[in-house]
Amino acid sequence: MSIDLGSPALSGVPKTDVAQRPKDFKTDQEVRWCPGCGDYVILAAVQGFLPELGLRRENIVFVSGIGCSSRFPYYLDTYGMHSIHGRAPAIATGIATAREDLSVWVVTGDGDALSIGGNHLIHALRRNVNLTILLFNNRIYGLTKGQYSPTSEAGKVTKSTPMGSVDHPFNPVSLALGAEATFVARTIDSDRKHLTAVLAAAAAHRGTSLVEIYQNCPIFNDGAFDAIKDRDTKADAIIPLELGEPIRFGAPAEDGGGSRGLALDAQTGGVRVVDVAEVGVEALLVHDATRDDPTTAFAISRLTDAGYLRQSPIGIFRQVDRPTYDDQARAQLSTARTAAPGEQADRLGALIGGGDTWTVV
Amino acid sequence: MAKPVQQLDRVVIRFAGDSGDGMQLAGDQFTSETAVFGNDLSTLPNFPAEIRAPAGTLPGVSSFQLHFADHEITTPGDAPDVLVAMNPAALKANLPDLPVGRDIIVNTDEFGARNLAKVGYATNPLDGDSLDSWRVHKVPLTSMTIEALAGTGLGKKDAARARNMFALGLLSWMYHRPTDGTLRFLEKKFAKLPQVAAANIAAFRAGWNYGETTESFAVSYEVKPAPMRPGVYRNISGNLALSYGLIAASRQSGLPLFLGAYPITPASDILHELSKHKGFGVRTFQAEDEIAGIGAALGAAFGGALAVTTTSGPGIALKSETIGLAVSLELPLVICDIQRGGPSTGLPTKTEQTDLLQVMFGRNGEAPVPIVAPQSPGDCFDAAIEAARIALTYRTPVFLLSDGYLANGSEPWSIPDLDGLPELAPDFAVATDRPFLPYERDPATLARPWAIPGTAGLEHRIGGLEKADETGEISYDPANHDLMVRLRQSKVDRIAQSIPPLLVDDPSGAAGVLVLGWGSTHGVIDAACHRVRRRGVPVAQVHLRHLNPFPSDLGDLLHRYDRVVLPELNLGQLALLLRACYLVDVVSINQVNGMPFRAADLEEALWHVLQGAGT
Ligand code: SF4
């Protein structure tokens, strides 16, 4: 994937004519995450990636909520707001709707976006506001010191669930697809290349992009993603989604591709994991994130383990065009303005002095 | 032979019917006619929270009261002189308010056995002598409307719907109202349904003609125009004036208006109104909830818009956390609270002043927010501009505290000259060669710079964590926190320096008692004070527009009088603040029944206090 600088998402945002370096996006603030936290890698990836966008720094805004991940804006030398728990998508919606010339990003976590802020998240997605949402999913509450989160596996033993949690978790990708999201992707903190490529595609998308980033919290949920990170297990755990390619994973087959793959399941209407040798490559599902119908994308998202993560599709699930809320709102504004000729002051006088009037002399 | 015409100086009319009877529309139209005629007027719509409560029942009764006069009036009137009752429920619900000897115009067609039973009338009150103390005009409104519309091609049911216009026509005849406006209004309202327009106009005319020909109405009445200050006038409701005030503030500041809101009674009309004005660059965002409404507004404020959120008490409760964030971010934001009856869902369509302490204190931490309260429907225009002025000048959220009575009530309004409105300069921060300090303060106002995205060199991060003085960086330092808490408070306190001196109304200059009020009670307090003075007792009156901070001269003023009396539509919320701030033994007069004070009740309550004060 390459970054298309003429991408529609950023068409209204002024470009810079000076070369930028990652260092230009660093602030003088001391980074306060725990040693080994996955957030460091994501921060470095974002700082490394922003210069490639070539936007004026002053036209980029990062908005966050509350939680470990939400400290992110303090470490990026752009405009930023560290807001309140769960509300970043709502605040970002206001910024994006008021200002076409800004590239607006939301940084959030599993608790922030899916628990207290669930409502704002789904409504931003259905409206398709021109935002890029980075959802750091560590499947735990970090900042409040280790309670289970809405993405924690059922049965998780934490301080608030000594006998194991009895909550069924959300699958963020399924949730986003169900909320009419036009761009949904999943990536991993430790895979900088993949992370950067997904960020680039998300930034280029006009509309709300949701990127779920698996992020390790070494303090309260260490090893949650080991199966998909470990050299020995990751081939079996990661189901890579690549546009236009048959979806294959697992130990290499004779042709070099994965020995297992995904195929449509006529019986359930979903997808299932098949043995490539058994069904043949032609029977495999070819990944197409641009398909307007989200059914298959949703079916693929269901292959994510709800319990301890041993299997998860990674990549872009959905990437479709739909008019954005803010563009349409602006279009209505300019239509109304064109339809209302004359000086603003005169029109205002006519408005407040309208209706049935009478004169007292 | 022409009927005799009797002169009156003032009249109170109440239209009452089922929610589906179109009483609000009839009332609004009568009001427009009356405004154009040049009477002074004041209105009180009163309707159930249910959109269509079961037809014909007491809870389904909707009414519209209008007071008009040939002199200045300030209240919608205590009791009707004329009650229009479209069905038994309307009669039963409103009769207790009607003084004996007054007129009842009743739609006899609706007094069938079923409708009578619905409201517990064992026998038809129109048959016995139970209404003998009033002048009852029995009019078969429905059947006459149907008759008048025979030949229009409308079925009986559709024709009957125009009976409110028949009633309006009759009342318009009775009080010599000009009718052109109503005819124009009906043509416009039903432009797409010419048959319906014609039917309504025919019903209106039939009502008028009926008045002229029937013997049931022997006289008609004339109320001469009221002398008013020269100017061009229109009739305006509080929510409309508030909406126009916000658009005017947008023009005065040169900032685009952004409204983030969630529908809620009685504030939704502001969202509806502003949504019509995209041609003025107004952006309206109907959010998924109250929290997102203010969140988006705060985001827009960060982006440099004139940001507004509108709601009522329950919505304020949900927005509190974001208001706290706005206090911490020190960004301009106008928060309109159109108060209604509480607690909880309470009385959505009724009026109260019970949110004062909520907006004053309803946040965690020391989180001072200025409060501005309009005093009449038309004053909502100026109050909105004042709220915007404070928000922009001091970089702070500001409450605009209106209520259901102001929101839906209306009065003649002298249309302001736009050139006379104050300039509101946003004064965005610009880059200099010094490092940018997001929390460096203006020495006069203590306001911090408003640096909007897109400004090179001013990139900065702000948030809800405590910030270091000047730099705005995260700081947990105890001394810094103490300083910041005091700075935020001092900034709000300084607003008092920009508030004009209070205007005390004490015609004789001899009053020992001061009657103080705030918000929508202005008109009725004014009326009650006039009545008390006419009874020979001097009394001074002052009304507060700024409730936080208080005007700097308020303390001295309160101590100048032997007694301070404070009528409020709550259990004494402002009284509590005044006692705390000024150690004044305020005498409260309280009413919390969802309705405005009645002038006579307030007069009596004041009289009682005045007697006790030995005046
Ligand atoms: S608690 Fe976990 S998520 Fe939070 S900073 Fe520490 S390691 Fe990172």
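In the domain assignment of chain B, which is an automatic or database one, domain 1 covers 5–223, domain 2 covers 234–420 and domain 3 covers 513–610. This is a predicted model in which local features need pLDDT of at least 70 and side-chain atom pairs count only at pLDDT 80 or more, while totals for chains, interfaces and linings use all residues. Residues are numbered from 1 along each chain as its sequence is written, chains are lettered from A in the order in which they are written, and side-chain values use heavy atoms, with hydrogens and water left out.

**Domains 1 and 2 of chain B**

- The centres of domain 1 and domain 2 of chain B, taken over C-alpha atoms, are 34 Å apart, and 16 residues of domain 1 contact 10 residues of domain 2 (contact means heavy atoms within 4.5 Å).
- About 910 Å² is buried between these two domains of chain B, with carbon and sulfur atoms giving 56%; buried area is the accessible area (1.4 Å probe) that two parts lose on being put together, summed over both.
- Between domain 1 and domain 2 of chain B there are 0 salt bridges (a side-chain nitrogen of Lys or Arg within 4 Å of a carboxyl oxygen of Asp or Glu).
- Helix 1 (23–37) and strand 3 (40–46) of chain B each supply at least two residues of the side of domain 1 that touches domain 2, and strand 3 gives the most, with 7 residues; helices (H or I, at least four residues) and strands (E, at least two) are DSSP runs numbered from the N terminus.

**Chains A and B**

- The interface brings 57 residues of chain A into contact with 67 residues of chain B, and the area buried between the chains is about 5,300 Å², of which carbon and sulfur atoms give 63%.
- On the chain A side, Y79(A), I352(A) and W358(A) lose the most area to chain B, together 17% of what that side buries.
- The count between chain A and chain B is 3 salt bridges, and D77(A) forms a salt bridge with R461(B), in which the closest N and O atoms are 2.9 Å apart.

**Strand pairing across the chains**

- Strand 2 of chain A pairs with strand 17 (residues 461–463) of chain B in the parallel sense over 3 bridges, where pairing requires that DSSP finds at least two bridges between the strands.
- Within this pairing, G463(B) in strand 17 of chain B is the bridge partner of H82(A).
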